[in-house]
Amino acid sequence: MFATFDFNDYPIVNVIFSENINNSDDFDSFLNDWMHMYLMNQDFMFIFDTRRIKYIPIEYTFKMSIFIRLLREKNYSYLKKSLILVNNNFIKYLLNITFSIQSPVAPVFIWSTEENNYEIIKKKLIDSNNENLDQDLIYIKPNNSLIPFL
């Protein structure tokens with residue numbers, strides 16, 4: 001399984017990724033689980049832990065961009081913000097491509113870290129905002145696509 005959704009701290013949802021995607025069904029399952037969050041009709045936040053990922057084919061950046069576009073068509077975005085934990089420049093590169101094609105539907109903060117203390121990670125998500133941005137975070141502004149028709 002490519003991604004595991006942990007709801008133990010809802011409305012914060014932890015998404016932990018495995019080392020790689022085995023096939024497109026793996027990725028589709030991840031997207032379906034994400035879409036299911038919208039069916040709950042409750043606000044939520046994500047912590048995406050990408051630090052185990054070793055490799056993802058670049059084609060998934062385009063699939064992710066299309067998925068974000070579908071989320072944008074929703075009347076209301078239940079996703080309030082996301083924190084993406086990274087420790088790999090290749091993953092940062094893929095995120096850059098994805099968000100260049102299609103900006104996120106809610107604020108995204110990318111944190112290069114090896115931190116494993118969940119309470120510190122959770123505090124980083126809750127405290128993160130684009131006005132008082134920590135120097136170790138990258139802020140990705142929502143609704144600002146490079147290719148607006150996508």
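## Terms and model

Residues here count as nonpolar if they are Ala, Val, Leu, Ile, Met, Phe, Trp, Tyr, Cys or Pro, as charged if Asp, Glu, Lys or Arg, and as polar otherwise, Gly among them. This is a predicted model, in which local features need pLDDT of at least 70 and side-chain atom pairs count only at pLDDT 80 or more, while totals for chains, interfaces and linings use all residues. Residues are numbered from 1 along each chain as its sequence is written, and side-chain values use heavy atoms, with hydrogens and water left out.

## The enclosed cavity

Searching the whole structure turns up 1 cavity of 30 Å³ or more. A cavity is a set of points, on a 1 Å grid over the protein atoms alone, where a 1.4 Å probe fits but cannot get out; lining residues have an atom within 4 Å of a point. The largest cavity holds about 400 Å³ of space, the volume being that filled by probe spheres set on the points, which are joined across faces, edges and corners.

Its lining has 27 residues, with Phe17, Phe30, Met64, Leu95 and Thr98 nearest the centre. By class, 23 of the lining residues are nonpolar, 4 are polar and none is charged. At least two lining residues come from each of helix H1 (24–39), helix H2 (59–72), strand E4 (79–86) and helix H3 (89–101); helices (H or I, at least four residues) and strands (E, at least two) are DSSP runs numbered from the N terminus.

Which residues of H1 are buried? They are Asp26, Phe27, Phe30, Leu31, Trp34, Met37 and Tyr38, where buried means under 20% relative accessible area and exposed over 50%, with partly exposed in between (1.4 Å probe, protein chains only). Seen down the axis of H1, these buried residues fall within an arc of 150 degrees, so they line one face of the helix; the arc is taken from the directions from the helix axis to the C-beta atoms.

On the other side of H1, Asp25, Asn32 and Leu39 are exposed. The buried residues pack against strand E1 (3–9), strand E2 (12–17), strand E3 (44–49), H2 and E4, with contact meaning heavy atoms within 4.5 Å.

## Two backbone details

Now for the loops. Between E1 and E2 sits Pro11, which a cis peptide bond joins to Tyr10, with omega about 20 degrees. In the loop between H1 and E3 you will find Asn41, which has a positive phi of about 55 degrees although it is not a glycine.

Key
1 Å grid on protein atoms, 1.4 Å probe; cavity = no way out; pocket = protein on both sides within 12 Å on 5 of 7 lines; lining within 4 Å.
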